[in-house]
Amino acid sequence: MKEPEFIPLGQYLRYSVEDMKERAVAFRKELQRRRTVRQYSPESVPLDVIRECIIAAGTAPNGANLQPWHFVVVTDPDVKKKIRIAAEKEETEFYESRAGEEWLNDLYPLGTDQNKPFLEEAPCLIAIFSKSYGVNTDGSKKKHYYVKESVGIAAGMLITALHHAGLATLTHTPSPMGFLGNILGRPANERPFLLLVTGYPSEDVHVPKITKKPLNEIATFL
Ligand code: IYR
């Protein structure tokens with residue numbers, strides 16, 4: 001096997017402790033402004049921004065750098081309509097029977113139900129697929145590693161990038177969402193991971209009054 005190649009880290013930036021604090025606070029505040037938005041303006045979004053954000057997501061750390069993800073950007077109204085119809089069918093079954101009482105009670109404060117108008121109203125849907133395995137040029141399977149962790153990290157980075165760029169998002173997880181692969185014509189090695197709705201919030205959007213746990217509840221310092 002060819003010797004692995006290494007290059008200087010180069011682009012790393014080291015900040016003073018003071019600058020680090022300032023940057024950490026500013027970034028924390030920026031992320032605290034993010035809210036999941038369920039009502040969208042129909043205004044289209046600049047695809048250049050979406051492209052940049054997907055490139056950013058694609059820098060995510062991942063198993064053996066095999067980058068086991070694929071992003072499908074949907075702006076075509078006909079395709080969005082198909083996705084909405086299929087998602088609402090699954091969601092109706094979810095809300096009417098699959099979810100069960102405890103899950104429905106937990107969702108109550110969010111005000112969600114089986115109706116998913118945002119799937120048609122929002123200008124852009126980004127379907128994120130995980131590649132459970134790769135395909136070699138001879139058609140044989142290529143093993144992938146830590147696929148869920150890798151795609152989860154990339155999805156988080158995509159949400160962060162879109163938020164930073166000024167777009168709202170909604171992490172939508174119709175369950176099951178096998179229909180996404182069919183509608184979007186994805187290959188057999190790809191599994192739908194989540195559907196990220198993005199666009200501008202519609203005017204006068206209200207969001208659930210919920211809070212995030214404080215640091216001492218989510219972290220332990222030893
Ligand atoms: N997938 C359903 C239900 C749902 C589940 C969880 I957990 C949420 O945090 C929100 C919704 C839906 O999208 O409505």
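This note goes through the sheet, the helices packed around it and the nonpolar core of a predicted model.

1. The sheet. Four strands make up an open sheet, ordered β1-β2-β6-β5, with antiparallel pairing. The edge positions are taken by β1 (69–74) and β5 (168–172); each has a single partner strand, so one side of each lacks a neighbour in the sheet. From one strand to the next the twist averages 25°.

2. The β1/β2 pair. Strand β2 covers residues 124–131 and pairs with β1 in the antiparallel sense, over 6 bridges. Within this part of the sheet, V73 has I126 of β2 as its bridge partner.

3. Helix α3 on the sheet. Helix α3 (residues 77–98) packs on the sheet and touches β1, β2, β5 and β6 (190–199). The direction of α3 makes about 115° with that of β1.

4. I83. Apart from neighbours within four places in sequence, I83 is in contact with V74, L119, L125, F179, L180, I183, L184 and L195. I83 is also listed among the residues with the most contacts inside the largest nonpolar core.

5. The core. The largest nonpolar core has 43 residues. Those with the most contacts inside this core are F71, I83, I126, L158 and L180. Helix α6 (residues 147–165) gives the most to the core, contributing 8 residues.

6. α2 against α6. Helix α2 (residues 47–57) packs on α6 at an angle of about 145°, and the two axes are 8 Å apart. The crossing of α2 past α6 is right-handed. On the α2 side the contact is made by V49, I50, C53, I54, A56 and A57, and on the α6 side by A154, M157, L158, A161, L162 and A165. By class, the contact of α2 with α6 comprises 12 nonpolar residues, with no polar and no charged ones.

7. α3 against α4. The axes of α3 and helix α4 (residues 100–107) come within 9 Å and cross at roughly 115°. Here F94, Y95, S97 and R98 of α3 meet G100, W103, L104 and L107 of α4. The contact of α3 with α4 divides into 5 nonpolar, 2 polar and 1 charged residues.

Terms used. Residues are numbered from 1 along each chain as its sequence is written. This is a predicted model: local features need pLDDT of at least 70, side-chain atom pairs count only at pLDDT 80 or more; totals for chains, interfaces and linings use all residues. Side-chain values use heavy atoms; hydrogens and water are left out. Two strands pair if DSSP finds at least two bridges between them. Helices (H or I, at least four residues) and strands (E, at least two) are DSSP runs, numbered from the N terminus. Axes are lines fitted to C-alpha atoms, for helices over the stretch in contact, and angles run from 0 to 180 degrees between N-to-C directions. Contact means heavy atoms within 4.5 Å. Ala, Val, Leu, Ile, Met, Phe, Trp, Tyr, Cys and Pro count as nonpolar, Asp, Glu, Lys and Arg as charged, and the others, Gly among them, as polar. A nonpolar core is a set of buried Ala, Val, Leu, Ile, Met, Phe, Trp, Tyr and Cys residues joined through side-chain atoms within 4.5 Å. Buried means under 20% relative accessible area, exposed over 50%, partly exposed in between (1.4 Å probe, protein chains only). A crossing is left-handed if the near helix is turned anticlockwise from the far one by less than a right angle, and right-handed if clockwise.
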